[in-house]
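Hi there,

Here is the structure I promised to pass on.

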Amino acid sequence: MYSEKKCDYKIFGKYLFFDPDKDKLIEIAKNEFDNYGFHGAKVNKNLLNGVTDYVLCLYYKDDSRKDELAQRNKQEYHVKYRYWKSDEETFAGIMKRGENQ
């Protein structure tokens, strides 16, 4: 999913949110698009065997907004939040603590 607003930066990674409620994650993405200047996101459609949480990837150029998102998650969203993961880490198959495999 993408915001209707033009993105003026190159995306190099994503912020990760996890929750069993896929619709909740979609609403988080829409809120970030509408109110906080994010432009791209993805939520997985299906869960792998044994995995209980969907993942929201909220795409951005760098990790500069990690604290802002942590605070918003603590105050509003109340889902598992795993900060920033670069595209390099993703392509290398690096799993961060707390990520679903």
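Below are some notes on one helix and on the salt bridges.

First, the ground rules. This is a predicted model, in which local features need pLDDT of at least 70 and side-chain atom pairs count only at pLDDT 80 or more, while totals for chains, interfaces and linings use all residues. Residues are numbered from 1 along each chain as its sequence is written, and side-chain values use heavy atoms, with hydrogens and water left out.

Let me start with helix α2, residues 66–77. Helices here are DSSP runs of H or I with at least four residues, and strands are runs of E with at least two, numbered from the N terminus. The 12 residues of α2 put its end C-alpha atoms only 14 Å apart, whereas a straight helix would reach 16 Å at 1.5 Å a residue (the expected span is 1.5 Å times one less than the number of residues). After α2 comes H78, with a positive phi near 55°.

Which residues of α2 are buried? They are L69, A70, R72, N73 and Y77, where buried means under 20% relative accessible area, exposed over 50% and partly exposed in between, with a 1.4 Å probe and protein chains only. Viewed down the axis of α2, these buried residues fall within an arc of 165°, so they line one face of the helix (the arc is taken from the directions from the helix axis to the C-beta atoms). They pack against β1 (13–19), α1 (22–36), β3 (54–60) and β4 (80–86), with contact meaning heavy atoms within 4.5 Å. On the face turned away from the buried side, α2 carries the exposed residues D67, K74 and Q75.

Now to the charges. The structure holds six salt bridges, each a side-chain nitrogen of Lys or Arg within 4 Å of a carboxyl oxygen of Asp or Glu. E68 forms one with R65, the closest N and O atoms being 2.8 Å apart, and another with R72, also with its closest N and O atoms 2.8 Å apart. E68 and R72 both lie in α2, four residues apart, about one turn of the helix. Salt bridges that share partners join E32, R65, E68 and R72 into one network. Within it, R65 is buried at 12% relative accessibility and R72 is buried at 7%, while E68 is partly exposed at 29%.

Another salt bridge links E27 and K30, whose closest N and O atoms are 3.8 Å apart. E27 is partly exposed at 48%, as is K30 at 38%.

Best wishes
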